[in-house]
Amino acid sequence: MTTRAKPHKRPSLPLGTPTRRAAMRLLDAVLRRGEALEAAFTAATRDIVSPPDRGLAHAIAAETLRRLPDLDALIDSATRQRLPDDAKARMALRIALAQTLALGTPPHAAIATVLPLVDGGPRRLVHGVFGTLMRQGVALPETPTLPETVAARWRAAWGEETVAAAARAIAAPPPLDLSLRDPAWTGLEGESFAPGHLRLADAGPVPGLAGYDEGAWWVQDLAASIPARLIGAGRGRALDLCAAPGGKTLQLAAAGWKVTAVDASKNRTARLGENLARTALSAETVVADVLGWSPEAPAEAVLVDAPCSATGIFRRHPDVLHRAHGGVIAEMADLQQRILARAADWVTPGGVLVYATCSLEPEEGEAQIARFLADRNDFAVMPPAPGELPEGIAAHPDGHVRTLPGTVEAKGGCDGFFVARLRRASA
Ligand SMILES: C[S@@+](CC[C@H](N)C(=O)[O-])C[C@H]1O[C@@H](n2cnc3c(N)ncnc32)[C@H](O)[C@@H]1O
């Protein structure tokens, strides 16, 4: 009698495991390789076809990054020996716990979808630790804990209240701010803190909102709208350096300037082009490194929205809390200094130079401008005039603008930004 060998049955993965695998890849990219979450997204989600599942992978990774210190404290409370930071078991537990404790996934689904990620490895450990924590009925603290290095840096720069406000901001979904092409447009209802600004509390998907298709507005955080506000309206030439994806280019073009928008990134400049097309605004776009490029002639207004550590946008990009440390900040500060030095020579006598970064690090803001002014006595700070800044945002006594976690907090907060407007002496 012959017996037929049973076909080898491949274990089937629970539905949803590829999404968790992608979330794990995203965490690995941010935490081990120091990459930005958005930059790692395409490669990490390569196995996933459905856009909602790719969105879920991003949401799981982002929530894990927002809650990392608290998730790790729970994991450490349930293991006899501390798991290394990059151990696969810790990654799997972080993902399972973030889903259950922050995103409302039922515990059985959260653990069933991550266990295949540790097959042939610490499966029993992950299952055991997760089960222990669930039986204990653990919860995450209402206010998240900031990573200690970040808290220490911001405490030293801005004080304890700012650290507390930043922690509160991590837990609160940021509102949606729109900048209007025409400040008189009334197609959506919301709160307005400045001409041409609209804040929507609970907006839903952006492309579904009134006015999107006809380009009546673009998404732009309230603080991010300040640099171009300080340039104001004009009919002359404006240079927007480091311009893509173009929120500030659109503001300048809508305010009447003939804008040349320069950015080193081809992909990001393509998005700038799409944004111009959607809003029917015009600007010349140039893909170039501003350290090697020069304009044909100086301009009345020059905006430098410099590349930076981006720690001010931690609410929407929680990866910066874990990868933008001392070395990154120092490297960015050096690049900003070199860009600013070139840009200054492109301002006509009597013209304005606006320097901005979405960073909460003084090295990329206050210290940068102090050093610049020490080198260039042909420039002076030109403080905002009454009415130039959005409601609830005041200029610093030194004449620049600094928004922090805690700024307009009762109305939904804003990103952390530094903005300085400098006027070049007339010849
Ligand atoms: C803060 S983002 C700009 C955001 C943009 N201003 C807006 O409002 O949408 C900084 C930009 O600087 C660009 N960048 C970085 N280094 C550059 C360089 N050396 N020359 C030109 N652009 C650069 C990056 O590609 C990035 O798009």
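**Loops, core and helices**

Reply: Ala 280 counts as exposed because it has 11 C-beta neighbours inside 10 Å. The cut-offs are simple: with C-beta atoms placed from the backbone, a residue is buried if 20 or more other C-beta atoms lie within 10 Å of its own, exposed if 12 or fewer, and partly exposed in between. Before we go on, please keep in mind that this is a predicted model, in which local features need pLDDT of at least 70 and side-chain atom pairs count only at pLDDT 80 or more, while totals for chains, interfaces and linings use all residues. Numbering starts from 1 along each chain as its sequence is written.

Ala 280 sits in the loop between α12 (266-279) and β6 (284-287). (Helices are DSSP runs of H or I with at least four residues, strands are runs of E with at least two, and both are numbered from the N terminus.) The phi angle of Ala 280 is near 55 degrees, a positive value in a residue that is not glycine. Cys 242 also has a positive phi, of about 65 degrees, although it is not a glycine either. Cys 242 is found in the loop between β4 and α11, and it counts as buried because it has 24 C-beta neighbours inside 10 Å. That loop between β4 and α11 (247-254) holds Pro 245 too. Pro 245 is joined to Ala 244 by a cis peptide bond, with omega at about 5 degrees.

Where is Leu 230 placed? Leu 230 lies in the loop between α10 (226-229) and β4 (237-241). With 24 C-beta neighbours inside 10 Å, Leu 230 counts as buried. Setting aside residues within four places in sequence, Leu 230 is in contact with Val 354, Pro 384, Glu 388, Val 419 and Arg 421; a contact here is a pair of residues whose C-beta atoms, placed from the backbone, lie within 7 Å.

Pro 384, one of those partners, belongs to the loop between β9 (379-381) and β10 (401-403). Pro 384 counts as partly exposed, since it has 19 C-beta neighbours inside 10 Å. Apart from residues up to four places away in sequence, Pro 384 touches Leu 230, Leu 389, Ala 395 and Val 401. Pro 384 and Gly 399 are 15 residues apart along the chain, and their C-alpha atoms are separated by 7.0 Å. By contrast, 50 Å separates the C-alpha atoms of Leu 230 and Ala 89, which are 141 residues apart along the chain.

Leu 303 leads us to the largest nonpolar core, which has 112 residues; Leu 303 is one of the five that touch the most other members, with Leu 26, Ala 92, Leu 241 and Val 302. (A nonpolar core is a set of buried Ala, Val, Leu, Ile, Met, Phe, Trp, Tyr and Cys residues joined through C-beta atoms within 7 Å.) Helix α5 (residues 88-102) gives the most to this core, with 10 residues.

Helix α5 also packs against α3: their axes come within 9 Å and cross at roughly 90 degrees. (Axes are lines fitted to C-alpha atoms, for helices over the stretch in contact, with angles from 0 to 180 degrees between N-to-C directions.) The two helices, α3 and α5, are therefore roughly perpendicular to each other; angles under 35 degrees count as roughly parallel, over 145 as roughly antiparallel, 65 to 115 as roughly perpendicular and the rest as oblique. Ile 60, Glu 63 and Thr 64 of α3 make this contact, meeting residues of α5 that include Arg 94 and Ile 95.

Last comes the domain view. An automatic or database domain assignment supplies the bounds, giving domain 1 (17-135) and domain 2 (176-424). Their centres, taken over C-alpha atoms, are 35 Å apart. Nine residues from domain 1 and six residues from domain 2 take part in the contact. On the domain 1 side, α1 and α3 (51-66) are the elements that give two or more residues, and α3 gives the most, with three residues.

Methods
Contact = placed C-beta atoms within 7 Å.
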